[in-house]
Structure formats: structure tokens, C-alpha cells
Amino acid sequence: MTANTDTITAIASAPGAAGVGVVRVSGPAVPAIAQNLLGREPQPRHAHFAAFRDVAGELIDRGLLLYFPAPASYTGEHVLELQGHGSAVLLDALLRRVCELGARLARPGEFTERAFLNGKLDLAQAEAVADLIAARSHAGARAALRSMEGVFSRKVETLLQALIALRVHIEAAIDFPEEEIDFLADPAIARQLEALRTQLAELLREAQRGLRLNDGLRVAIIGRPNAGKSSLLNALAGNERAIVTDIAGTTRDVLREQLSLDGIALELADTAGLRDTNDPIEREGVRRAHGELARADIALLVTDAQNAVGDLALLADLPGAVERLVLVNKIDLDHTVEHHEQRDGATWLWASAKTGAGLDVLREHLKRLAGAGSGEGAFSARRRHVLALQQVAVHLDHTAHVLDTSRAGELAAEELRQAQHTLGEITGSYSSDDLLGAIFSSFCIGK
Ligand code: GDP
Ligand code: ZN
């Protein structure tokens, strides 16, 4: 596979002054480049101390040269790593020298893309490499490392095999039309499908947790005007980002605040008060509030002691996956003490955005929902993985429906074929150039 590609290079260490800087090279020209820089043939996987010189023989830098012959390398191609002093000027000169010797500058993520194309990593693992580099918390980094090592991919693969087994079973039935009906009525098929759906639901839950560890948690703050939504956002964010006033309906747009709780990212969105209104600007705000809820992980209803029971209706039509929190605000006014409890499928907390009482309990609760302290084996995932798993769930629902009602084997087989395809997109056994381009272009250069 190496013979068909050109040779790429990039500075793999972070920009700016540092103790050590690394230039990485991958491709068929690597042995010749290594030989030229070292003055002799390098030993594989051996740290050579070398003098890197320019075309005129002038010293650029002294450092270590490491040569990894294909296929036992990160990309699966011949790879060279040059470690010099972490000076932008020296690394730049070294990079230029490597280009003179036959390499070209790598695009972002191109090393990892080659690793994927050469079968060193699957797509979910390659994405985890980028997520590991970008991780903002220990929990997030550990989870990304597990995905990079294939924990998520293996679960997807297990599911894929079970799905293929069921598909084979059903397609065999189609091939014997006179017996098809009996075949499809076989309770073993229903059991197989049920087991598959259970397995998928579990993986979806884990992937959703992995997404939160990776991306942070989206919290939509809702509630009637003047409940204290903006005040709460300000109290949590610790600044005066949102405008707080006592004229009802002030918050007309959706305000967003990025917050980090012990390294776990939270995106808080303060929505306009959800109420029917004739003011067109405010009506737009209400429309956006509904949009915000649709993409949130958590709906945080802000209310107060007088309105709590009536405001619960605002949580009524949410999709099942959205976690519900009810914050009874302004406890400083009626001398309630801060506390929390489970009630009506939601967690209730009593607090005051004004005095800050009860907000620590809220922060702890948000952190737990974001996956902090989630135990062994948590892996990272991306939104596209979660969407794919949800799509697979829909296909399996359709399959079950078809088998229950019409026993149309062809239709069931087609649903399973689409489910298999969608599942395969997670690890990249099915992937388009567009998808690959979108994924790898978001990497940093040199990775
Ligand atoms: P929003 O419309 O839901 O965003 O509400 P605001 O955050 O703008 O607050 C409306 C009014 O309630 C303002 O006058 C706030 O100062 C007040 N307020 C908010 N939280 C509290 C609280 O915990 N205690 C008291 N006493 N007043 C509060
Ligand atoms: Zn507000």
C-alpha cells in the first residue's frame, strides 16, 4: 500500500518554544530521507543521535532519529521521527530539509487518515485519537483512550455480528418461499431480534454517556419569565453575561454559556420564558426555546414555591432521553432550606440564585449527569456515533413491526441491511470520502 502514496511530513509537537520538538515523516521516501540525514542506514526502532544538516552541509540541529519500517508503525507506512530542540525556527528548517529530500507538507490528520486506510485503526479509534488530544478532563481523556484502544469498536463489532446472523437467518427464509411464513414465525427469530435490541439499547446508553464525557453536557434552562433563569446562569457562570431585570420577557434570545465544572464541559442555554405571546420578537424566542430543548441532554426548569406545580407542565412533552431537573428558586424569600429529592420522574432542588444557597448541590448533580466518576470501562463517543445507533434502533423497530404484522421477509431483510450499513459507518467498514474528509480535516496538523 505504501508504494501508491507520496511522502508526508509535519511538525508533530505543539507550536511555541519547548524542550523538544518532533518532525514526523511517513511514506515510501522515508528510508532514503533517513539515510541522508543520518549518513548511513538507520536501524529500525533504534534511537540514533544524529546531526541534521542542510543541503550545504551546514548544521541545522542535533537530535534523535527514529526509524519505524512498514508495516509496524503508526501509519502502517515507513515512518521517521526526528526529535530536535523545540524551537520554531530550527524545526521549520528541519521540515524544509525533509521536503527538499522528497516529502510534502501533510494536511491536518493525514497521518491518522493513512493509519485508518492501512487498517491500523478503525474510524471510531481514529476519532478517539483526536478526542484524546483535545480532552479537557481526566475522565474525558481516560474514556478517549479506551475508545482509541478499541473498547467501543469491539462492542459495535459484536452487535454487527449478531445483526448479520439475524439477517442471514431471515434471508435464508426468503430463499425458500413456500416455507417463508413458517420460518419467519419461528420464535427463535423473535428472540434473536429481541436480544439484539436489548444489546443495542445498552450500547446506546453507554455511547450517550461517552458523548457527554467527550462533548460536555447541554443544559437548557427553561421556566416562566422572572423565575430567575438569567440570574441562575450568571450565578453558575460567575459573571454578568446575561441581562437580569425584573421586566418580564427580557431574555428574548437564547444565551449560551460554556462552563467547566472540574474539567467537565457544560453548555448552558438560557431560553426565553416559555409562554404564549403576541410580541413577534418574543415569539421567536419561544420558538428557539423549543429548539433548544430538542437538542439538550438536560432540561432545567427554574421555578419558585408559588408556581412549581403549575410550571411542571413545561416539562411535559420532552423526549424521554432528556433528563429533568426542577429548581425551586428564591428560597431566600420564604426561608425554605436548601434540599433535594426525587419526584415525578425529575430531580427537585431548592436553591437561591441570589444568595447561592443550594447551588453546590446543583453543580454536583450536573457533574454526575455529565459522567464524572462514571466507573470502569466508560469510553468516549461522538454525536455521529450516537445518531447512527439511534438510526439502527429505528431500523430494528421497523424489523420487529414487519415481522409482527405482515411477515414480509423481504422488508425485514431490507431494514436489517440498512441497519448493518448504518452500524458499519461507526467503525468505517462503510464510509464515504465526504465523511472521511469531514472527520480528518478537524484534526491538528502532524497527527
Ligand atoms: P428570568 O426572566 O427567568 O431570566 O429571571 P431573572 O434572572 O431576570 O430574574 C427575575 C427577577 O428575580 C430579578 O429581579 C432577580 O433579581 C430576581 N431573582 C432571581 N433569583 C432570585 C432569588 O434566588 N432570590 C430572590 N429574592 N430574587 C431572585
Ligand atoms: Zn432571563
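I looked up helix 8 (residues 187-215) and helix 14 (residues 383-405) and found them packed at about 160 degrees, axes 9 Å apart. That makes helix 8 roughly antiparallel to helix 14 (angles under 35 degrees count as roughly parallel, over 145 as roughly antiparallel, 65 to 115 as roughly perpendicular, the rest as oblique). Axes are lines fitted to C-alpha atoms, for helices over the stretch in contact, and angles run from 0 to 180 degrees between N-to-C directions. Helices are DSSP runs of H or I, at least four residues, numbered from the N terminus.

I noted that this is a predicted model, where local features need pLDDT of at least 70, side-chain atom pairs count only at pLDDT 80 or more, and totals for chains, interfaces and linings use all residues. Residues are numbered from 1 along each chain as its sequence is written, while chains are lettered from A and ligands numbered from 1 in the order in which they are written.

I checked the handedness next. Helix 8 passes helix 14 in a left-handed crossing (the near helix is turned anticlockwise from the far one by less than a right angle; clockwise would be right-handed).

Which residues meet? In helix 8 they include Leu193, Leu200 and Asp215; in helix 14, Arg383, Leu389 and Leu403 are among them. Contact means C-beta atoms, placed from the backbone, within 7 Å. I recorded 16 nonpolar, four polar and three charged residues in the contact of helix 8 with helix 14 (Ala, Val, Leu, Ile, Met, Phe, Trp, Tyr, Cys and Pro count as nonpolar, Asp, Glu, Lys and Arg as charged, the others, Gly among them, as polar).

I then turned to helix 15 (residues 409-427), which packs with helix 14 at about 170 degrees, axes 9 Å apart. Helix 14 is thus roughly antiparallel to helix 15. Their crossing is left-handed. His385 and Leu403 of helix 14 are among the contact residues, as are Leu411 and Ile426 of helix 15. This contact of helix 14 with helix 15 has eleven nonpolar, seven polar and two charged residues.

Terms used
Helix = DSSP H or I, 4+ residues; strand = E, 2+ residues; numbered from the N terminus. Contact = placed C-beta atoms within 7 Å.
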